[in-house]
Amino acid sequence: MSGTSQKFDRGTFLNFKAAAPEAAGAAATIKPSWTFWEEVECDNSVAVANSTGCVFAKNTPTWQTNTKRYPAAAAYYWVMREKLADHPGSKKYNKPMHRMTDKVQQEHNRTTICNKTGAGKWTAHPDATGDTQGVQCDEFPFAVTLESGGIPTPVVNGGICAQLFAQKQDDGTWRLFDDDGYDPPTWKEICGRASMPGKQNGDAGRGPGLSGFFTKARVQNGGAFYMEVLQMEGCNPDDVCVIRP
């Protein structure tokens, strides 16, 4: 039936591998061994329209960002993951984010955190580097997750978030700066908001970015996932960390 999913209990399969010869000159022997696999979940169009697929349900997938395609955005997500109090998306802290597919709630999250009117409204930093799509508001955690700053009650505005902006340097690298149009971050905030090149912001969220990851990993509504930025892992967020696109 379309739009259904089913889980299967753990099972086993027989695996063969060559063993070392028991004595010099002897032929290699093949010894069987049992390998256990975790629970498998298969869905029919639940996660990806017009498709069917299976994943290991107990495995939490990890989204690896593309620092060549959206270097400033990826670095910003990593800084937020490391420095926000809840460390959203961090495997180290066991703090996965969770996909949320409700389109109405997603739009509410975006307009709440990137509000352009009212208290705490977002204004692009004048020193932020734009691109063919200008400078856009980029929120973290993502609007398509249950961890979005737009979900807590009572409803808040983006002025409560840690505020940054991205700027491209003369040598082609990117740096993130505190947005001095707002209070400096305390890192007790539940969310981040940044002035980001528009195309990088879009690429990070669309097909080549997070939405593409959801498709490939078949992350369903409420499904958990981690995020990592391979070029940044191991860096100290209080130091200068460089990503070259």
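What is the torsion about the S-S bond of Cys-161 and Cys-191, and is the disulfide left-handed or right-handed? The torsion is about -90°, so this disulfide is left-handed. The model is predicted: local features need pLDDT of at least 70, side-chain atom pairs count only at pLDDT 80 or more, and totals for chains, interfaces and linings use all residues. Residues are numbered from 1 along each chain as its sequence is written, and side-chain values use heavy atoms, with hydrogens and water left out.

**View 1. The disulfide of Cys-161 and Cys-191.** The S to S distance is 2.1 Å; a disulfide is a pair of cysteine sulfur atoms within 2.5 Å. Cys-161 lies in the loop between E8 and strand E9 (162-168), and Cys-191 in the loop between strand E10 (174-178) and strand E11 (192-197), 30 residues apart. Strands (E, at least two residues) and helices (H or I, at least four) are DSSP runs, numbered from the N terminus. Cys-161 is buried, with a relative accessible area of 4%, and Cys-191 is buried at 1%. Buried means under 20% relative accessible area, exposed over 50%, and partly exposed in between (1.4 Å probe, protein chains only).

**View 2. The disulfide of Cys-114 and Cys-137.** The sulfur atoms of Cys-114 and Cys-137 are 2.0 Å apart. Cys-114 lies in the loop between H2 and E8 and Cys-137 in strand E8, so the pair ties together parts that are 23 residues apart in sequence. The torsion about their S-S bond is about -75°, so this disulfide is left-handed. Both Cys-114 and Cys-137 are buried.
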